[in-house]
Amino acid sequence: MKHTPFVSKSADQPQKLAALKQAWQEWTTSPDILARLTRRLSTTLSLENQLTIFAEEAATVVPFDSLQYRHRIAKQDFVFSTGLGGPHRAEYRLNLEGAHFGTLTLLRRKRFTEEELGGIEMLIGTAICPIRNACQFIALEQTARTDALTGIPNKRALDEDLARTSHLSDRHQETYSLILLDLDHFKAVNDIHGHLVGDQILRLTAESMERTLRVSDSIFRFGGEEFAVLLPHTASNEAREVADRLREAVTNTIFERGDIRVGVTASCGVSTHMQGESAEQWLTRADEALYRAKREGRNQTRISATISGGQ
Ligand SMILES: Nc1nc2c(ncn2[C@@H]2O[C@H](COP(=O)(O)OP(=O)(O)OP(=O)(O)O)[C@@H](O)[C@H]2O)c(=O)[nH]1
């Protein structure tokens, strides 16, 4: 067990505690803008909230017409903008310890004075560490939602999106379908050609599926050789067509190296969200349909039965 040393009370502890109490009162009620900005920024890791706070506080000392921020985080553009802009701009590249954390621009109809520019720099100097933390938090969240092998969203991302989509489907009576696609006899591919070839086929499969889908559709790596596709505004018949197109794309994806040519087929299970159904129940129905596609010979699509019937 870890030994915790006994800490003796120092004689001046009451004074220290009183000083702490006073510092706390000053900290929480301080009219000092930098203290207030620091305190407010420390309450959130959301980059959007931080930029809103920054804009609010900055506007109290340097009025502006628009604040814009842009940064590319984890391969995605993050853009934030308030107001309508103006011809004069004060633009800052946010750099800290050799890394870049976006570009922040203030726009105004009236020219900025030197004093105002100095003031903005002080505010940015105060905000840059929290902004760096928020950028890194977004990047970490993105990594946690991404499959390392294929670079597409992973099962965690699917679970989150399915829960949100079930909710949306119930609230707005919108039609969402889910496809589970599983490569056929993939174990044999690994056994015959090795795991590295198997990995490459999984990457190629993900790429060709992505190319086949609409921008509004989302693809996930659900498990080892299993993918999921979420289709908004899509009923089961249309989803079956998409599933068949995906299977065709997979079949046409051939791995080639030297004399080796490896192709795979895929089976699909489709389910369309039913009112009141949980994400888990929805996913289970797609999985049952996939199981039927496998059992009935593979390289085919099966649709989960709904109230109006299925096949
Ligand atoms: N190369 C590679 N193989 C994987 C990965 N994840 C899972 N697999 C393999 O995928 C195979 C899945 O095998 P099974 O579950 O028996 O399924 P199957 O051989 O595709 O057969 P059916 O699904 O019934 O058609 C196993 O050999 C796993 O090792 C991966 O990331 N890379």
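**Close-up views of a predicted model**

**View 1. The shell around the ligand.** The residues of this shell divide into four nonpolar, five polar and seven charged. Here Ala, Val, Leu, Ile, Met, Phe, Trp, Tyr, Cys and Pro count as nonpolar, Asp, Glu, Lys and Arg as charged, and the others, Gly among them, as polar. The model is predicted: local features need pLDDT of at least 70, side-chain atom pairs count only at pLDDT 80 or more, and totals for chains, interfaces and linings use all residues. Residue numbers start from 1 along each chain as its sequence is written. In total, 16 residues surround the ligand, and the closest are D184, F186, K187, G198 and G224. A residue is near a molecule if its C-beta atom, placed from the backbone, lies within 6 Å of it. β5 (176-183), α6 (186-193) and α7 (195-212) each give two or more residues to the shell. The largest share, four residues, comes from α7. Helices (H or I, at least four residues) and strands (E, at least two) are DSSP runs, numbered from the N terminus.

**View 2. The largest nonpolar core.** This core has 39 residues; I179, L180, F227, A228, V229, L246 and C268 touch the most other members. Elements supplying at least two of its residues include α5 (155-172), β7 (226-232) and β10 (266-272). α9 supplies the largest share, seven residues. A nonpolar core is a set of buried Ala, Val, Leu, Ile, Met, Phe, Trp, Tyr and Cys residues joined through C-beta atoms within 7 Å. Buried means that 20 or more other C-beta atoms, placed from the backbone, lie within 10 Å of the residue's own.

**View 3. Contacts of I179.** Neighbours within four places in sequence are left aside; I179 is then in contact with A228, V229, A239, V242, A243, L246, C268 and V270. Contact means C-beta atoms, placed from the backbone, within 7 Å.

**View 4. An open sheet of four strands.** The order is β2-β1-β4-β3, with antiparallel pairing. β2 (76-83) and β3 (88-96) stand at the edges with a single partner strand each, so one side of each has no neighbour in the sheet. Two strands pair if DSSP finds at least two bridges between them. β3 and β4 (residues 99-108) pair over eight bridges. H88 has R108 in β4 as its bridge partner.

**View 5. Helices on the sheet.** α3 (residues 47-61) touches β1 (66-73) and β2, and its direction makes about 30° with that of β2. α4 (residues 114-144) lies across β1, β3 and β4, at about 50° to β3. Axes are lines fitted to C-alpha atoms, for helices over the stretch in contact, and angles run from 0 to 180 degrees between N-to-C directions.

How values were computed. A residue is buried if 20 or more other C-beta atoms lie within 10 Å of its own, exposed if 12 or fewer, and partly exposed in between; C-beta atoms are placed from the backbone. Two residues are in contact if their C-beta atoms, placed from the backbone, lie within 7 Å.
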